Amino acid sequence: MLEFSRSLLRWRTRSCSRRVSTWTPLAMAFNAPPARRINFTHDDVGLFGMPELRSFEGFYLLRDNVESRTQELISEAISDQRRRKMVDIFDELSDSLCKVADLAEFVRIAHPQSRYTQAAEQACISICGMVESLNTHKPIYKALSQVVDHGDKMPTSEVDRHVARLFLFDFEQCGIHLPEEERMRVVRLNDYILQLGQKFMSGAVQPSVLPSSQVPESFRNYFPSSGENVVITGLCTNAEKVEMREAAYRLYLQPSKSQEDLLRDLLLCRHELARSCGFDTYGHRALKGSTMEKPEVVREFINELSEKLRPRANSDFARMSQMKRSEGGKADARTEVWDTPYYTNQLRRQLFEEHANEFLPYFSLGGCMEGLDNLLHALYGIRLQNIDLMPGEAWHNDIYKLAVVHETEGLLGYIYCDFYERMGKPNQDCHFTIQGGKRMPDGSYQLPVVVVMLGLAQPRWKGPTLLSPARLDNLFHEMGHAMHSMLARTEHQHVTGTRCSTDFAEVPSVLMEYFAGDPRVLRTFARHFQTHEPISEDMLRRLCASKNLFAASETQLQVFYSALDQEYHGASASHGRSSTETLRSVQDHYYGLPYVENTAWQLRFSHLVGYGAKYYAYLVSKTIASWIWQTYFEANPFNRQAGEKYRAEILAHGGAVPSRKLVANFLQREMTPSVLAESLIKEIDADESKINDLMISRS
C-alpha cells in the first residue's frame, strides 16, 4: 500500500510538472476572465476615471462645460489681444470637443446600460450642433484664414502651419468661404448626402425576397421560403454545391431600382458638392491632403498594379478551375465569380488545415498578448502592464486595462481592452480614441487613452479563449492602431496617432499583420495552452503560408473595387450612366472574371458610403506596409534599431507631417505609383514561391 502511494505521488508530481504554468503575469491575466472585485475601500471614480461620469447624468455636465469652454476659445481666437498661436487655440477647441464627442460615441455603442447610451447619444447630438455652429462662424474662420494666408503674429513652426491649413480645410469642407446662397446649398447637399447614404446602407443588407414563380424550380429548395416568396439572405460562398453558390449570387445580387436610384443620387450630390467647393470631382475633394494627393495618382497606381497582376491572377483562376474540374468531373468547368471564396477555403483546408481547429490550442489569448508584449519590448522598449481597474472605471466587468510603459520615458498611455462578445455589443473589431495625446503648455504630455474592441468568445472553466489565425491577425491589427496612438508624440491632438490621412491610417495596423504572419515571431509564443509544447515547425510553416493563398487574384479584386470607386466619384458621375454599365466596363478592364448578366453587385457595396473615393486606401496602406516590412523588418522582425527609427520617423508624427513626405523620408525613395506597385508584386511573388515549395514538399 505504501509503494502504491509513492507511485501515485510520483505520477502526480510528473503530471503537475508538465502543467506548471510558464506564462507571464500578463498572459495569465488574459487567460482568465477579469475577476469581479468587491469594493470595500474605494469610491466610484467614474467611467475612464472621469468623476463626472459616476452617473449617466454626467454627460449633461460635460456637454455644458465644453459649450462654455468653446465660447471662451472663440472669443480668444477673434480677439485683438490674442496671446497664443492661433493653431494652439484651435487645437484646444478641437481637443475639448473631441474629448466629449469621442467618449460619447464610444459609450453610445458599447455601454450595456440604456441610460448611459441615451445620455451619450444626446451628448453626441449636442456636440454635432456645436460643430455645425462653428462651421458657420465667419469671424473665427476669417481669423484662421488670415493666419494661414499671411502668417501668425506669433512665431510658428512648419508643423503649426500644416495643422492650421488642415483646420482651414475642415472649415471650407462646409462651404463657409462661399457666398451665403452657395454656402446654404452646400449645407443642404451635405445633409441630403447623409440621408442618402443611410438609406443606401440599409438597403444594401436587406435580403432579396422574390416570388417563387421568378425563381427557377431547381433553385428553390436551396433557400427558405416565406409564403409564396423565396428569401435569399446572402451569397452562400461556402456552399459545396456549385449550383447553390451560383443561385445565391444571381438571386441575391439582382438589380434593385430603389438602390440604383439612391446610388445615382448619392454620386450626383457628391459631385455637385465638390464642384460647389471648387473641386473638379468628388475624388479630388476626398483626396486633398491624402498620401496619394489626387485621383490621377491613384489611377496611375491602380493601372500599374493591374498590369502586373493580370498574369498572376490568371494563374490563380486556372488553379481554381482545375480544382473545380476535379471536384465536379466536368472537363470544361471554369472558375466563376461565385467560386473564388469556396476554392480558396478548399485549398486552405486541403493543404494547410487538414485537421479542424488544429491551430487553436496554440494561440490562447494570454499567449498572444504575451507575444505582443515581447515583440513591442524588442522593437520599442515598452511593456504592456495589466493594472487593476478602479470601481466604476469600466463599462462592464470583463474589461482589462493596460498601461503602456517605456523603459526610460515611463508611462505613455492607457489601452482599455474590451475583447469579449456580449449581448448588444457591436460585432466588429475596432479601435476607439477616447483621449488624444498632445503637448501641454507646461511641457507635460496629455496621455492618449484608447479602447481596443474585439468579439472573442468568453473564456470557459475548462480553458482560456483560443484564437484562430484570422483572430490573431485581427488582434495584432487593432493593437497596431493602439500603438500608433500610444507612440505618437505630437504637439497637437488634432493630428495625433491615427488622426492622419485615411490612406495612411491603416499602415501601422497592416504592418503588425506582417509580424503576426512571421514564423520567427509566432515561435516566441505559439505553444499549447495545456502542455506548453511549442507549435511544430510543420504547423507553423503551413499556417504562415495559408495566409497568402491566391494573393494575386485577391489583390486584383481589391484593385477592381478601388477602380470602380474612383470611376463612380470621377467626372462621369454627372453623365447619368447607370451604375451597372459602369461596373461592367470597369470589371472587364480590371478583373479576370467576367460580369454576370442581370446582377448589380455594387448596389450591396456599402463601403461606397463610408469610403467614397477612398476605397483604394487599404490597398495603398497594404502596399506601404509591405514596403516598410521588406526594407526594415523582413531580415529581422525584432530589430530594435529599425523599430526605434520607425517610431521616430513614422509613428511619432501622427498626421503632423504630410504622410507622403513621411514615407519618402523613411524609405529614402520617392513614393511613385510604379515603385508602390513593384513592392507589392515582389511580395506576392515571394509568397507564391513559398506556397509552391510547400505544395511540392507535401505532394
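## Basis of the description

Helices are DSSP runs of H or I with at least four residues, numbered from the N terminus. The model is predicted, so local features need pLDDT of at least 70 and side-chain atom pairs count only at pLDDT 80 or more, while totals for chains, interfaces and linings use all residues. Residues are numbered from 1 along each chain as its sequence is written, and side-chain values use heavy atoms, with hydrogens and water left out.

## Cavities

The structure holds three cavities of 30 Å³ or more. A cavity is a set of points on a 1 Å grid over the protein atoms alone where a 1.4 Å probe fits but cannot get out, and its lining residues have an atom within 4 Å of a point. The volume is the space filled by probe spheres set on the points, which are joined across faces, edges and corners.

## The largest cavity

At least two lining residues come from each of helix H11 (257-276), helix H21 (551-568) and helix H22 (579-590), and H11 gives the most, with four.

By class, this lining has four nonpolar, four polar and four charged residues. Here Ala, Val, Leu, Ile, Met, Phe, Trp, Tyr, Cys and Pro count as nonpolar, Asp, Glu, Lys and Arg as charged, and the others, Gly among them, as polar.

## The second largest cavity

About 50 Å³ of space lies in the second largest cavity. Tyr380, Gly480, Met483, His484, Pro508, Met512, Tyr646 and Leu651 form its lining.

## Packing of H24 and H26

The axes of helix H24 (residues 616-633) and helix H26 (residues 659-667) come within 11 Å and cross at roughly 20 degrees. Axes are lines fitted to C-alpha atoms over the stretch in contact, and angles run from 0 to 180 degrees between N-to-C directions. H24 and H26 are therefore roughly parallel to each other, a term for angles under 35 degrees.

The crossing of H24 and H26 is left-handed, meaning that the near helix is turned anticlockwise from the far one by less than a right angle. Ile624, Trp627, Ile628, Thr631 and Tyr632 of H24 make the contact with Val663, Phe666 and Leu667 of H26, where contact means heavy atoms within 4.5 Å. By class, the contact of H24 with H26 has seven nonpolar residues, one polar residue and no charged residues.

Technical notes. 1 Å grid on protein atoms, 1.4 Å probe; cavity = no way out; pocket = protein on both sides within 12 Å on 5 of 7 lines; lining within 4 Å. Parallel < 35°, antiparallel > 145°, perpendicular 65-115°, else oblique.
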